[in-house]
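Could you walk me through this fold, from the sheet out to the charged side chains? I'd like to know what packs on what.

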Amino acid sequence: MHDEGLIAAIYEAGALPAQWSEVLERIGARVGAKGANLIRGNSSGIQLLSSPSIAELTAEFARLGYNRDNTRVSRRLARASHPGFLTDRDLHSVEEIHSLPMYRDFLTPHGADAGAATVVQGVEDDVLMVAVEGFPSHAAAW
(Lines give C-alpha, C1' and ligand atoms only; values in the text may rest on other atoms or scores of the structure.)
Protein backbone atom coordinates (compact mmCIF):
# COMPACT_ATOMS: atom_id res chain seq x y z
CA MET A 1 0.00 0.00 0.00
CA HIS A 2 3.06 2.23 -0.22
CA ASP A 3 2.45 5.20 -2.51
CA GLU A 4 5.52 7.38 -3.00
CA GLY A 5 3.58 9.96 -5.01
CA LEU A 6 1.07 10.43 -2.21
CA ILE A 7 3.82 10.62 0.39
CA ALA A 8 5.57 13.31 -1.66
CA ALA A 9 2.27 15.20 -1.98
CA ILE A 10 1.84 15.13 1.81
CA TYR A 11 5.28 16.64 2.33
CA GLU A 12 4.60 19.23 -0.36
CA ALA A 13 1.29 20.20 1.28
CA GLY A 14 3.22 20.80 4.50
CA ALA A 15 5.01 23.62 2.68
CA LEU A 16 2.08 24.63 0.46
CA PRO A 17 -1.08 24.41 2.62
CA ALA A 18 -3.41 25.20 -0.29
CA GLN A 19 -2.73 21.66 -1.52
CA TRP A 20 -4.08 19.91 1.59
CA SER A 21 -7.62 19.64 0.25
CA GLU A 22 -6.51 17.61 -2.76
CA VAL A 23 -4.08 15.53 -0.66
CA LEU A 24 -6.91 14.64 1.72
CA GLU A 25 -9.00 13.61 -1.29
CA ARG A 26 -6.18 11.35 -2.48
CA ILE A 27 -5.78 9.80 0.98
CA GLY A 28 -9.47 8.93 1.14
CA ALA A 29 -9.46 7.47 -2.37
CA ARG A 30 -6.27 5.51 -1.73
CA VAL A 31 -7.79 3.64 1.21
CA GLY A 32 -11.29 3.22 -0.26
CA ALA A 33 -13.06 5.83 1.86
CA LYS A 34 -15.26 8.77 0.92
CA GLY A 35 -12.66 11.33 1.96
CA ALA A 36 -10.63 12.73 4.83
CA ASN A 37 -10.51 15.62 7.27
CA LEU A 38 -7.51 17.38 8.73
CA ILE A 39 -8.32 18.79 12.16
CA ARG A 40 -5.93 21.13 13.92
CA GLY A 41 -6.52 22.12 17.50
CA ASN A 42 -4.66 24.42 19.88
CA SER A 43 -5.37 27.15 22.42
CA SER A 44 -6.62 29.37 19.58
CA GLY A 45 -9.38 26.91 18.67
CA ILE A 46 -10.02 24.29 16.05
CA GLN A 47 -9.49 24.52 12.31
CA LEU A 48 -10.93 21.93 9.97
CA LEU A 49 -10.09 21.18 6.37
CA SER A 50 -12.01 18.58 4.39
CA SER A 51 -11.44 16.82 1.12
CA PRO A 52 -13.88 18.05 -1.55
CA SER A 53 -15.85 14.79 -1.60
CA ILE A 54 -16.91 15.12 2.05
CA ALA A 55 -16.76 18.90 2.57
CA GLU A 56 -20.56 19.33 2.46
CA LEU A 57 -21.13 16.34 4.73
CA THR A 58 -18.59 17.65 7.24
CA ALA A 59 -20.13 21.14 7.16
CA GLU A 60 -23.63 19.72 7.69
CA PHE A 61 -22.39 17.61 10.63
CA ALA A 62 -21.05 20.78 12.25
CA ARG A 63 -24.10 22.90 11.33
CA LEU A 64 -26.39 20.39 13.04
CA GLY A 65 -24.28 20.62 16.19
CA TYR A 66 -22.81 17.13 16.27
CA ASN A 67 -19.31 18.56 16.82
CA ARG A 68 -20.32 19.82 20.27
CA ASP A 69 -20.25 16.29 21.70
CA ASN A 70 -18.22 14.40 19.12
CA THR A 71 -17.00 11.31 20.93
CA ARG A 72 -15.08 10.26 17.82
CA VAL A 73 -12.72 13.17 18.43
CA SER A 74 -12.72 13.21 22.24
CA ARG A 75 -12.09 9.48 22.55
CA ARG A 76 -9.35 9.56 19.91
CA LEU A 77 -7.66 12.46 21.69
CA ALA A 78 -7.92 10.58 24.99
CA ARG A 79 -5.87 7.84 23.33
CA ALA A 80 -3.47 10.23 21.59
CA SER A 81 -0.44 8.25 22.74
CA HIS A 82 -1.61 5.29 20.62
CA PRO A 83 0.56 5.23 17.49
CA GLY A 84 -1.34 4.91 14.26
CA PHE A 85 -4.99 4.89 13.38
CA LEU A 86 -7.93 3.84 15.54
CA THR A 87 -11.30 3.04 13.99
CA ASP A 88 -14.80 3.90 15.14
CA ARG A 89 -15.08 0.30 16.37
CA ASP A 90 -11.90 0.77 18.43
CA LEU A 91 -13.47 3.80 20.09
CA HIS A 92 -17.16 2.83 20.31
CA SER A 93 -19.10 -0.32 21.00
CA VAL A 94 -21.53 -1.70 18.41
CA GLU A 95 -24.35 -0.63 20.72
CA GLU A 96 -23.04 2.95 20.79
CA ILE A 97 -22.76 3.05 17.01
CA HIS A 98 -26.41 2.01 16.83
CA SER A 99 -27.66 4.36 19.55
CA LEU A 100 -25.57 7.53 19.85
CA PRO A 101 -27.41 10.37 18.04
CA MET A 102 -24.40 11.40 15.93
CA TYR A 103 -24.24 7.86 14.51
CA ARG A 104 -27.93 6.94 14.50
CA ASP A 105 -29.24 10.24 13.13
CA PHE A 106 -26.39 11.42 10.92
CA LEU A 107 -23.28 9.31 10.27
CA THR A 108 -24.97 5.97 9.57
CA PRO A 109 -27.68 7.38 7.26
CA HIS A 110 -24.94 9.20 5.32
CA GLY A 111 -22.69 6.12 5.04
CA ALA A 112 -20.03 7.73 7.22
CA ASP A 113 -20.15 5.67 10.42
CA ALA A 114 -16.99 3.71 9.59
CA GLY A 115 -13.88 5.85 9.88
CA ALA A 116 -10.38 5.87 11.26
CA ALA A 117 -8.23 8.62 12.72
CA THR A 118 -4.72 9.24 13.94
CA VAL A 119 -3.31 12.00 16.13
CA VAL A 120 -0.02 13.82 15.65
CA GLN A 121 1.11 15.81 18.67
CA GLY A 122 2.74 19.06 17.65
CA VAL A 123 4.75 21.58 19.59
CA GLU A 124 3.19 22.64 22.90
CA ASP A 125 -0.60 22.39 22.59
CA ASP A 126 -0.78 21.95 18.81
CA VAL A 127 -2.53 18.72 17.82
CA LEU A 128 -3.31 17.41 14.34
CA MET A 129 -5.82 14.69 13.63
CA VAL A 130 -6.20 13.02 10.27
CA ALA A 131 -9.64 11.41 10.07
CA VAL A 132 -10.48 9.17 7.12
CA GLU A 133 -14.24 9.06 6.68
CA GLY A 134 -16.81 6.82 5.05
CA PHE A 135 -15.33 3.38 4.58
CA PRO A 136 -17.82 0.99 2.96
CA SER A 137 -17.91 -1.07 6.19
CA HIS A 138 -16.37 -1.18 9.62
CA ALA A 139 -14.27 -4.16 8.55
CA ALA A 140 -12.84 -2.09 5.68
CA ALA A 141 -11.65 0.65 8.06
CA TRP A 142 -8.35 -1.13 8.58
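Below we go from the sheet to the helices, then to the aromatic rings and the salt bridges.

A word on the ground rules: this is a predicted model, in which local features need pLDDT of at least 70, side-chain atom pairs count only at pLDDT 80 or more, and totals for chains, interfaces and linings use all residues. Residues are numbered from 1 along each chain as its sequence is written, and side-chain values use heavy atoms, with hydrogens and water left out.

Let's start with the sheet. Helices (H or I, at least four residues) and strands (E, at least two) are DSSP runs, numbered from the N terminus. Two strands pair if DSSP finds at least two bridges between them. With that in hand, you can trace an open sheet of five strands, ordered β2-β1-β5-β4-β3, with antiparallel pairing. At its edges sit β2 (45-50) and β3 (86-87), each of which pairs on one side only.

Now go across it. Strand β1 (residues 35-42) runs antiparallel to β2, and six bridges join the two. To find your place there, look for Ile39, whose bridge partner in β2 is Leu48. Over on the β3 side, β3 and β4 pair in the antiparallel sense over two bridges, and Thr87 stands opposite Ala116 in β4. Between β4 and β5 there are six bridges, again antiparallel, with Val120 opposite Leu128 in β5.

Next, the helices. Helix α4 (residues 71-78) lies across β1, β3, β4 (116-121) and β5 (127-133). Its direction is about 130 degrees to that of β5; axes here are lines fitted to C-alpha atoms, for helices over the stretch in contact, and angles run from 0 to 180 degrees between N-to-C directions.

Helix α3 (residues 55-63) has a buried side worth a look. Buried means under 20% relative accessible area, exposed over 50%, and partly exposed in between (1.4 Å probe, protein chains only). In α3, Leu57, Thr58 and Phe61 are buried. Why do they end up on the same side of α3? They cover an arc of only 100 degrees around the axis, the arc being that of the directions from the helix axis to the C-beta atoms. An α-helix has 3.6 residues a turn, so residues three or four places apart point the same way. On the face turned away from the buried side, α3 carries the exposed residues Glu56 and Arg63. What do the buried residues of α3 pack against? They pack against β1, β2 and α7 (101-107), where contact means heavy atoms within 4.5 Å. Just after α3, Gly65 takes a positive phi of about 90 degrees.

On to the rings. Rings of Phe, Tyr and Trp (its six-membered ring) pair if their centres lie within 6.5 Å; planes under 30 degrees apart count as stacked, over 60 as edge-to-face and the rest as tilted. The structure holds three aromatic pairs. One of them is the tilted pair of Tyr66 and Phe106, 5.5 Å centre to centre with 40 degrees between the planes. This pair links distant parts of the chain, with Tyr66 in the loop between α3 and α4 and Phe106 in helix α7, 40 residues apart. Both Tyr66 and Phe106 are buried.

Finally, the charges. A salt bridge is a side-chain nitrogen of Lys or Arg within 4 Å of a carboxyl oxygen of Asp or Glu, and by this rule the count comes to seven. Among them is Glu60 with Arg63, whose closest N and O atoms are 2.8 Å apart. Both lie in helix α3, three residues apart, about one turn of the helix. Glu60 is partly exposed at 28% relative accessible area, while Arg63 is exposed at 58%.

Another salt bridge joins the side chains of Arg75 and Glu96 (2.8 Å, N to O). Arg75 lies in helix α4 and Glu96 in helix α6 (residues 94-99), so the pair ties together parts that are 21 residues apart in sequence. Arg72, Asp88 and Glu133 are linked in a network of salt bridges.
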